[in-house]
Amino acid sequence: MASIDIRNVRKNFGIVSVLHGVDLAIKNGEFVVLVGPSGCGKSTLLRMIAGLEEVTEGEIRIDGVRVNERAPKDRDIAMVFQSYALYPHMNVAENMSYGLRIRKAAREKITAAVSNAARKLELQPLLARRPKALSGGQRQRVAMGRAIVRQPKAFLFDEPLSNLDARLREQMRAEIKKLHRDLGATSIYVTHDQIEAMTLADRIVAMHEGVVQQVGSPLELYDRPANLFVAGFIGSPAMNFLSARYEVSAGTASARLPDGTLIALSSGYQLEEGAAVTLGIRPEHVEMSPASETSLRATVDLIEPTGFGIILHLGLHGLPFNVFTLDRAALTAGPTVTVAFPPQHLHLFDETGKRALESSLQKGTG
Ligand SMILES: Nc1ncnc2c1ncn2[C@@H]1O[C@H](COP(=O)(O)OP(=O)(O)OP(=O)(O)O)[C@@H](O)[C@H]1O
């Protein structure tokens with residue numbers, strides 16, 4: 001196991017800068033998941049930790065020791081890719097033991113490590129097979145097995161499950177979680193899959209355009225996204241946003257929508273009266289309500305049953321607005337519905353897109 005420190009790391013490819021000073025301290029045994037849109041620099045960061053890409057500026061330390069100049073093989077890190085990269089001419093056992101064999105490990109040690117990993121990953125019946133005689137999920141397990149056998153200080157995963165079908169992904173996700181529970185190895189995992197990120201991570205690192213936007217537990221990012229980017233990126237279907245102005249009257253804070261509707265807030269904020277804000281609400285937190293003074297009328301554009309629940313695509317003040325509900329009555333909704341926003345589920349962002357800070361309200365003031 002190892003701690004991994006990333007200190008002000010920058011990466012340029014020629015004149016193009018793709019990482020603009022990343023700081024991240026990963027603790028011994030921690031499972032950290034990197035998320036962000038395509039091209040934001042996740043794989044580049046992972047490859048620099050593995051030593052597959054040079055660090056332009058800054059420092060990477062493993063267990064406190066600078067590794068910038070160390071070759072990948074001397075970093076004691078195993079990487080699992082989405083393309084399993086198995087050797088086609090070797091059987092499963094040979095693929096799994098390869099890393100130890102080239103390091104000239106003792107035969108007994110190799111046998112014990114392979115059989116141990118095979119047991120954990122339920123690969124025993126397949127040890128004599130070649131990769132081409134395996135399913136995608138089995139190959140992915142062999143790729144994991146190969147990493148485990150080496151007993152590295154840390155595991156790096158670059159979208160390891162993205163080639164698998166939905167059911168296998170689910171199974172493998174649980175396998176990875178169990179493995180981490182059993183081995184407790186420091187892991188850094190890149191994914192586009194929200195559920196993988198939420199279920200696997202001790203901490204999620206949300207990145208955008210080469211800059212870390214927020215680091216926190218999955219629920220911290222879901223409950224208190226630091227800015228509009230994280231708010232819109234974490235959660236599916238995505239958070240709804242509405243432009244509004246911040247108002248305080250008679251000791252009550254609210255957000256006024258362009259059509260004049262006042263939306264009550266659960267607390268005051270450190271904002272000027274009249275400040276332009278963005279109000280955010282997740283589709284699963286919107287209430288379908290009877291019409292009232294504080295409810296909003298929306299048009300129903302599309303009804304999408306997902307089996308588990310229903311996504312309503314609405315038009316609110318002419319803008320797209322989504323609601324997620326478990327209530328099957330929504331299947332017959334339309335052509336308009338009324339919706340309400342429970343104050344405790346509202347998110348408020350200031351003009352710069354940052355989460356607005358709450359304040360205690362005093363009567364008549366902001
Ligand atoms: N060898 C390279 N030469 C030039 N540019 C590169 C190179 N490798 C990556 N890039 C660029 O660096 C940026 C970050 O790429 P990276 O693969 O790290 O993104 P990512 O977040 O992992 O994306 P994805 O989710 O699509 O895998 C992209 O704009 C990419 O085009």
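A50 lies in helix α1, where helices (H or I, at least four residues) and strands (E, at least two) are DSSP runs numbered from the N terminus. The model is a predicted one, in which local features need pLDDT of at least 70 and side-chain atom pairs count only at pLDDT 80 or more, while totals for chains, interfaces and linings use all residues. Residue numbers start from 1 along each chain as its sequence is written.

A50 is partly exposed, with 19 other C-beta atoms within 10 Å. On this scale a residue is buried if 20 or more other C-beta atoms lie within 10 Å of its own, exposed if 12 or fewer, and partly exposed in between, with C-beta atoms placed from the backbone. Leaving aside residues up to four places away in sequence, A50 touches P72, R75, I77, M79 and L156; two residues are in contact if their C-beta atoms, placed from the backbone, lie within 7 Å. N68 is 18 residues from A50 along the chain, and the C-alpha atoms of the two are separated by 9.8 Å.

Which residues surround the ligand? The shell consists of F13, V16, V18, G36, S38, G39, C40, G41, K42, S43 and T44, a residue being counted as near a molecule or strand if its C-beta atom, placed from the backbone, lies within 6 Å of it. The largest share, three residues, comes from α1. By class, the shell has four nonpolar, six polar and one charged residues. In this classification Ala, Val, Leu, Ile, Met, Phe, Trp, Tyr, Cys and Pro count as nonpolar, Asp, Glu, Lys and Arg as charged, and the others, Gly among them, as polar.

The wider fold can be considered next. The protein has eight helices and 22 strands, and its C-alpha atoms fill a box of roughly 80 × 45 × 35 Å, taken along the principal axes. Of its 366 residues, 36% count as buried. Among contacts with a separation of 6 or more, 66% are between residues 24 or more positions apart.

The domain assignment gives domain 1 (4-231) and domain 2 (237-359); such bounds come from an automatic or database domain assignment. The centres of domain 1 and domain 2, taken over C-alpha atoms, are separated by 38 Å. Six residues of domain 1 are in contact with eight residues of domain 2. The side of domain 1 that touches domain 2 has four nonpolar, one polar and one charged residues.

The largest nonpolar core has 97 residues, of which V33, I49, L156 and A206 touch the most other members. A nonpolar core is a set of buried Ala, Val, Leu, Ile, Met, Phe, Trp, Tyr and Cys residues joined through C-beta atoms within 7 Å. Helix α4 (residues 136-149) gives the most to this core, with six residues. Why does the core lie between domain 1 and domain 2? Both domain 1 (4-231) and domain 2 (237-359) give residues to this core, so it lies between them. Not counting residues up to four places away in sequence, A206 touches V35, G36, Q213, Q214, L221, V230, F233 and I234. G36 is also one of the residues that surround the ligand.

G184 follows α5 and has a positive phi, near 60°.

Several backbone details lie in loops. K104, in the loop between α2 (92-102) and α3 (107-120), has a phi near 60°, a positive value in a residue other than glycine. With 7 C-beta neighbours inside 10 Å, K104 counts as exposed. Q151, in the loop between α4 and β7 (154-158), has a positive phi near 45° and is likewise a residue other than glycine. Q151 counts as partly exposed, with 17 C-beta neighbours inside 10 Å.

One joins S236 and P237, with omega about -5°, and P237 is found in the loop between α8 (228-233) and β11 (240-249). The peptide bond from G334 to P335 is also cis, with omega near 0°; P335 lies in the loop between β19 (319-325) and β20 (336-340).
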